[in-house]
Amino acid sequence: EHLGCRAANSGVVIFAGDNGISRENISTYEPLSSNNIVRQHLEGISPTSIFLDKIGKPELMVDVGLYSPLEDPGLGQFNVKRGTNNFLLGDALEKNEVLQAIETGRCIWNEIYDQRFDIIGVGEIGVGDTLCATGIATVITGVASKSLVAQGSSAHKVKEKKNDIISRALITRCPDHSNIVDVLMRFGGLEIAALTGFIMEAASRRIPVMLDGYVTMVAALLAVQSDGSVIDWLIASNQTNDRGFLFILEKLGLEPIFHWDVSYGEGIASALGLFLAETSAEFWTQIKILRENG
């Protein structure tokens, strides 16, 4: 039996939200404009959508925190809040909002569970969420933000501004690095919190999760901190040359499937990972062993 056929049921779930920190102009995108990116996916004209269509895999889009609502039958409506607060001015989210977002992520997995995925890819859309993820990673790891700042959709010169924003935010608060809810309250975003819940739920169902880029890696880090057994069900699709990404990858102890420096985001690396995994019998042999011993 060619074990690659076990990837017949796979797809990518993309979590979308907006972040108030985007008002600090740290992205090439307009602040709170994630709905425009989501629209491209719904219209099937994004790189991720085009590739998934070519390989015959579904792309499932969910709104967990878009600032501007989109009415589209192809968009899962799970909005917790219309964007987070600017974490430079205060906490991004309230405790109940974080808890709701994590639970929403779990519910989204249960919504698609009847599709019987053998493996699931994840991605995110959220202007400013790379900065949110950096803030989270800084607190969780205890490493200085300048070593973890990822470029995201911004120009290289904006990295120093991002580092300054996180440094200023941390002056006025003391997040509890051992409490993922507290950390998410400080920085957001809703898409990261929902991703965390989704990853934990998929792992509890013994379904491998194909990670995408920096933001999904940080969400995975939160999920592992909450439940160490989650690590056994995580797969890194890609390795970029970004210093922060490499650190989180090493922290999780994951070996990526390919080294193509794909930093586009929006689920494209996880989609590529699913395609490569499907064609690799060796990959699925390892998954079989994992399930038998897990």
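Let me start with a crossing: helix α8 passes helix α9 with left-handed geometry, that is, the near helix is turned anticlockwise from the far one by less than a right angle, whereas clockwise would be right-handed. Helices here are DSSP runs of H or I with at least four residues, strands are E runs of at least two, and both are numbered from the N terminus.

This is a predicted model, where local features need pLDDT of at least 70, side-chain atom pairs count only at pLDDT 80 or more, and totals for chains, interfaces and linings use all residues. Residues are numbered from 1 along each chain as its sequence is written, and side-chain values use heavy atoms, leaving out hydrogens and water.

Back to the pair. α8 covers residues 214-226 and α9 residues 243-252; their axes lie 10 Å apart, at an angle of about 30°. Axes are lines fitted to C-alpha atoms, for helices over the stretch in contact, with angles from 0 to 180 degrees between N-to-C directions. α8 and α9 are therefore roughly parallel, a label for angles under 35 degrees. Contact, meaning heavy atoms within 4.5 Å, involves Tyr-214, Met-217, Val-218, Ala-220, Leu-221 and Val-224 on α8, and Gly-244, Phe-245, Ile-248, Leu-249, Lys-251 and Leu-252 on α9. By class that is ten nonpolar, one polar and one charged, where nonpolar means Ala, Val, Leu, Ile, Met, Phe, Trp, Tyr, Cys and Pro, charged means Asp, Glu, Lys and Arg, and the others, Gly among them, are polar.

Second pair. The axes of α2 (residues 47-55) and α10 (residues 268-278) come within 9 Å, crossing at roughly 15°. That makes α2 and α10 roughly parallel, and their crossing is left-handed. From α2, Pro-47, Thr-48, Phe-51, Leu-52 and Ile-55 meet Ile-268, Ala-271, Leu-272 and Phe-275 of α10. Eight of these residues are nonpolar, one is polar and none is charged.

Now a single residue. Val-38 sits in helix α1, residues 34-42. Is Val-38 buried or exposed? Its relative accessibility is 0%, so Val-38 counts as buried; the cut-offs are under 20% relative accessible area for buried, over 50% for exposed, and partly exposed in between, with a 1.4 Å probe and protein chains only. Leaving aside residues up to four places away in sequence, Val-38 touches Ala-16, Met-61, Leu-66, Leu-70, Leu-75 and Ile-125.

Finally, the whole chain. The protein chain has eleven helices and six strands. Buried residues are 59% of its 294.

Definitions and conventions:
Parallel < 35°, antiparallel > 145°, perpendicular 65-115°, else oblique.
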